[in-house]
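Hi everyone, thanks for coming.

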Amino acid sequence: MLSLVKSCIGTKFTSQFGDLIADLAIDATTTVGVDLGHGMREVDIKKYIKVEKVPGSQLEESRVLKGVMFNKDVVAPGKMRRKIVKPRIILLDCPLEYKKGENQTNAELVKEEDWELLLKMEEEYIENICTQILKFKPDLVITEKGLSDLATHYLSKAGVSAIRRLRKTDNNRIAKACGAVIVNRPDELQESDVGTAAGLFEVKKIGDEFFSFIVDCQDPKACTVLLRGASKDLLNEVERNLQDAMAVARNILKNPKLVPGGGATELTVSATLKQKSSSVEGIEKWPYEAAAIAFEAIPRTLAQNCGVNVIRKMTELQGLHANGENAWIGIDGNTGEITDMKERKIWDAYNVKAQTFKTAIEAACMLLRIDDIVSGIKKKQAPGAGPSKPQVETEADADGEQILPD
């Protein structure tokens, strides 16, 4: 698997850093893989793998966290803990503040005591919400919405750290990593909704910003890839390479089948089609022969890129692949030598290769089905001339046209 991912990013910028990016990609994708049974496996790299780019330090310090990190600090840094071992985490999708009126709300107060009563109602509402949350003895409360000063006071008094206005996507990742369930209303909280799988919650300062880490999780199904590097441009390039590598790793985890690269697969398919065409007589053998020649385009292009004698190399390869033999023999894209792909560890993913073949054949069929082309370009008319009538071409006109010599 490592050699396959390496052959994917071999020509890219990060290939100069050895196995670093390939290892990160494999580590991240195997972390978020979920077995669905019946040999099926789901790997959602877009939803559950977050790539966090932090400028500074060296690229070698990049790593995959066994958990998640996000660019947030606790609400009250002086009063709330910034480091909690084995935290009990509650995730909320509701605001911990007094509900505002949806439209313009008018309250008519006659006595001074009514104003105090209104304030007391707000306080009691927030106190009631906080009591329902604190009943489950959490160490960390994270909400996607707002958190009022009064709620912050009640939570910090109970020794609970709180984070507010977190992104929905980050909240989903935390839920997957620590085993918590996102709750919409505090009165619906249950013990099973509390996340206990995280080993450590810690807030660290990296550069000028604070980052929260929820790491050392037991069997996390979401993770964060922390990328470090000298500049933002470098980090952006590394991220693009990492996304490619993770896509290859995901394909292999979903369908663990490999085929040899370097044009070996195409040559084997071409040789098989040639054998088939020889067993068919008449007009039916032409499609097989045409497809066999078309498949040779990949090894021919590789030979051209290397600057070797294309005709000689192709003849040699066709001789080796005749009768479907030497299926592993292909062309080395760097040197142009004819070598064993298994020894050189040059691989392609089976499902990508199969899809490429299908798409190419379907595209060719679609082009062959085109029997006429409608042009959208209007011919220029002489000034003052009226709209010309469309002329219908008949078969007699077509026969009378002059055929240009080749």
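Let's start with disulfides: a search of the whole structure finds zero of them, where a disulfide is a pair of cysteine sulfur atoms within 2.5 Å. Take Cys-223, which is in no disulfide, the nearest cysteine sulfur being that of Cys-217, 10 Å away. For anyone new to the word, a disulfide is a covalent bond between the sulfur atoms of two cysteines.

Before going on, a word on what you are looking at. This is a predicted model, in which local features need pLDDT of at least 70 and side-chain atom pairs count only at pLDDT 80 or more, while totals for chains, interfaces and linings use all residues. Residues are numbered from 1 along each chain as its sequence is written, and side-chain values use heavy atoms, with hydrogens and water left out.

Is Cys-223 buried or exposed? Cys-223 counts as buried, because its relative accessibility is 0%; the cut-offs are under 20% relative accessible area for buried, over 50% for exposed, and partly exposed in between, using a 1.4 Å probe and protein chains only. Cys-365, with 34%, is partly exposed. Across the protein chain, 38% of the 406 residues count as buried.

Now zoom out. The protein chain has 14 helices and 17 strands; these are DSSP runs numbered from the N terminus, with helices being H or I of at least four residues and strands E of at least two. Its C-alpha atoms fill a box of roughly 105 × 75 × 45 Å along the principal axes. The radius of gyration is 33 Å, whereas a compact globule of 406 residues would have one near 22 Å. That radius is taken over C-alpha atoms, and the globule rule is 2.2 Å times the number of residues to the power 0.38.

Next, please find Leu-253 in helix α7, residues 232–254. Leu-253 is buried, because its relative accessible area is 16%. Which residues does Leu-253 touch, leaving aside its neighbours within four places in sequence? Leu-253 is in contact with Met-1, Thr-29, Thr-30, Arg-41 and Val-43, contact meaning heavy atoms within 4.5 Å.

Last stop, the loops. Lys-345 lies in the loop between α12 (341–344) and β17 (347–349). Its phi is near 60°, a positive value in a residue other than glycine. Lys-345 is exposed, with a relative accessible area of 53%. Asp-216, in the loop between β12 (209–215) and β13 (223–229), has a positive phi too, near 55°.
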